[in-house]
Amino acid sequence: MGRTGNRTLGPRVAIIGAGCSGFTTAKRLLEQGIDVTVYEASDRIGGTWAYGNPNGKSACYQSLHIDTSKWRLQFEDFPIRDEWDWPDFPHHTLLDRYFNDYVDHFGVREHIRFETRVERCERLPGGRWRVHTADGSLEDYDLLVVANGHHWSPNMPEWDGDFDGPIIHSHEYRTPFEPVEMRGKRVVVVGLGNSAVDIASELSQRPMAEKLWVSARRGVWVLPKYINGKPGDKQALPTWIPMNVKRKLAARAVKKLVGEMTDYGLPQPDHMPLEAHPTVSSEFLLRLGSGDIEVKPNIARLRGKEVEFADGTVEQVDAIVCATGYKVEFPFLSDDDAPVRENHIPLFKRLVRPERPTLWFMGLAQSLPTLVNLAEQQSKLLAAFATGDYQLPPPGEMLDTIAEDEERHQGHYYASKRHTMQLDFDVYKKELERELKTGQKRARRNDKAMREAA
C-alpha cells in the first residue's frame, strides 16, 4: 500500500459481508481501481434487510417499515429519486430493491462471491491476511474489511424455571403466525426497543393475540416518527450547535410533544430523552392508550404455562418474544484480532484498532439517525488509506482519540451494552472529514521524508 512517484500500488482487499456496509465499501474501493473481493455466505446481497435471507441472518419481519426516513437513509452517491414516489418511511422491500439497484448500477455484483462463507481469517507476517472459506479454499489479501453486521447473533435472556410454550427472539419473528402461531394466544414481548414496540403493536391488534403484555426492566422514551407533520429525523439541528446543547433542546421538545411516559402506563425513565438509544414509534403509545397492551416489569420466573413477574403478578402465557438485542461477534476472527468485551471493541474512528492497521471494521456502530449509509462515509477514509493518500496517526495518539471520541459520543448515555457503539451521524461525518484531511497531510509529510531520506 502506498505510492511510488505518481503510480499507485493497489492492495488486494477482502470484504466480509455484502450488506449495505460491505457493498458501499466495495464500490468506493473499486472506484480507486483496487482489487476487491466480497465474500457473502448468502445467495443475495442486503444482509439483514433481505427478508427471508437463506443465510439466516435477516431480522426483517413481513410488516417492517424503516424507522429512518428516506431522506436520511439514502446514499450520497445514489439518491432516492422523486419519481420513485417512495413514502417517508419505506417498507423493507423498497430498501432491498434500492440496495440491489445500487449494486448493479455501480457494477459491484460481479465482485461478490456468493454462497461463500468465511470460516477463518488468519493474520500473516507483515499484516497480510489469509481468508479460509467453508469450501476449503484460501486466499491472501493485504487488507481485511469486516462488514458482517451486528444484528444477527441474538442475545437471549435467562430466567429461573421452565416454560411450556415457545420462546423466540425477535430475530426469528416474521408474522403473527410464523414461526409461531400467535393469533388468539396470550403473548409476552420482552423489551422496549424498536423491534419490541413494532412487534407488540402488530400482535396487540384485536384480530391477533388474545392478550399482549410488554415486559420492561426499565423505562424508555418513545419518540414519534412525525413532528409537525414532517419526519422527525428530517428536522435535525445544525451540526454547529454543541452536542450537549442539541440534546437539551431536543429533550425539551420531546417532553413537550409526547408528555410523560407514565401517562401511557409505561415505567418512568431513569434518564432524559436522547440519553438512551431512541425507541421510535407512532403506533405503540396509541396501542397503550387504547388498552391493547399491558405493561409488566421484568420476568422473575417461568412456571410451566405461567409467567411470574418482578411485581409478584402471575399470568397464563402461551408464547414469549424476546426483543432483547444482539451480541457483537466475529466468529471468523481470533480474540487477539477482535477482542470484544461487553459488546464493545475500541476502534479508532469506529474503524480500526491501533494494533491491527490492516483490519478495518465497517458499519460497526449504533449510528443516529441512520446506519444504512454510515459505511458509505467511512469508506472514504479506507479508500484513501488503501491508495496511500491517507496515513493513520501513531498508535498512542489513536488510543487517546478513541477515549475522547467514546466520551463525546457515548458519555451521556446510561451504562449498557446497548450503548457501547453510539454515534451522532452528522457529528461523526464531520469528524471523518477532518481526520481525512489531517491523515492526508501525514501521508504527504511521510512521502516527503522518504524521498529526502532516499
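Two strands are taken as paired where DSSP finds at least two bridges between them. On this basis the predicted model contains an open sheet of 5 strands in the order β11-β22-β12-β13-β18, with parallel pairing. The edges of the sheet are formed by β11 (167-169) and β18 (294-296), each of which has a single partner strand, so one side of each is left without a neighbour in the sheet. From one strand to the next the twist averages 25°. Within the sheet, β12 (residues 186-190) and β22 (residues 319-322) run parallel and are joined by 4 bridges. In this pairing Val 187 stands opposite Ala 319 of β22. Helix α4 (residues 194-203) packs on the sheet and touches β12, β13 (211-215) and β22. The direction of α4 makes about 165° with that of β12.

At the level of domains, the protein is divided into domain 1, which comprises 12-152 and 326-453, and domain 2, which comprises 156-322. The C-alpha centres of domain 1 and domain 2 are 29 Å apart. Contact between the domains involves 38 residues of domain 1 and 32 residues of domain 2.

Two packed helices are described by the angle between their axes and the distance between the axes. For helix α1 (residues 20-31) and helix α7 (residues 374-387), the axes come within 9 Å and cross at roughly 40°. Because of this angle, α1 is oblique to α7. The crossing in which α1 passes α7 is right-handed. On the α1 side the contact is made by Ser 21, Thr 24, Thr 25, Arg 28 and Leu 29. The α7 side contributes Ala 375, Glu 376, Ser 379, Lys 380, Leu 382, Ala 383 and Ala 386. By class, the contact of α1 with α7 has 5 nonpolar, 4 polar and 3 charged residues.

Helix α1 also packs with α3 (92-105). Their axes are 10 Å apart and the angle is about 20°, and α1 and α3 are therefore roughly parallel to each other. Here α1 passes α3 in a left-handed crossing. The residues that meet are Cys 20, Phe 23, Thr 24 and Lys 27 in α1 and Phe 99, Tyr 102 and Val 103 in α3. The contact of α1 with α3 has 5 nonpolar, 1 polar and 1 charged residues.

Helix α7 packs in turn with helix α9 (residues 425-453), at an angle of about 10° and with the axes 10 Å apart. Accordingly, α7 and α9 are roughly parallel to each other. Leu 374, Gln 377, Gln 378, Lys 380, Leu 381 and Ala 384 of α7 meet Phe 425, Tyr 428, Lys 429, Leu 432, Glu 435 and Leu 436 of α9. These residues divide into 7 nonpolar, 2 polar and 3 charged.

Most residues other than glycine have a negative phi, and most peptide bonds are trans. The peptide bond from Glu 178 to Pro 179 is cis, with omega near 5°. Pro 179 lies in the loop between β11 and β12. Asp 85, a residue other than glycine, has a positive phi, near 55°. Asp 85 is placed in the loop between α2 (70-73) and α3.

Terms used. Residues numbered from 1 in each chain as written. Predicted model: local features only at pLDDT ≥ 70, side-chain atom pairs only at ≥ 80, totals over all residues. Heavy atoms only, no water. Helix = DSSP H or I, 4+ residues; strand = E, 2+ residues; numbered from the N terminus. Axes fitted to C-alpha atoms, helices over the stretch in contact; angles between N-to-C directions. Contact = heavy atoms within 4.5 Å. Parallel < 35°, antiparallel > 145°, perpendicular 65-115°, else oblique. Left-handed = near helix turned anticlockwise from the far one by under 90°. Nonpolar A, V, L, I, M, F, W, Y, C, P; charged D, E, K, R; others polar. Domains from an automatic or database assignment.
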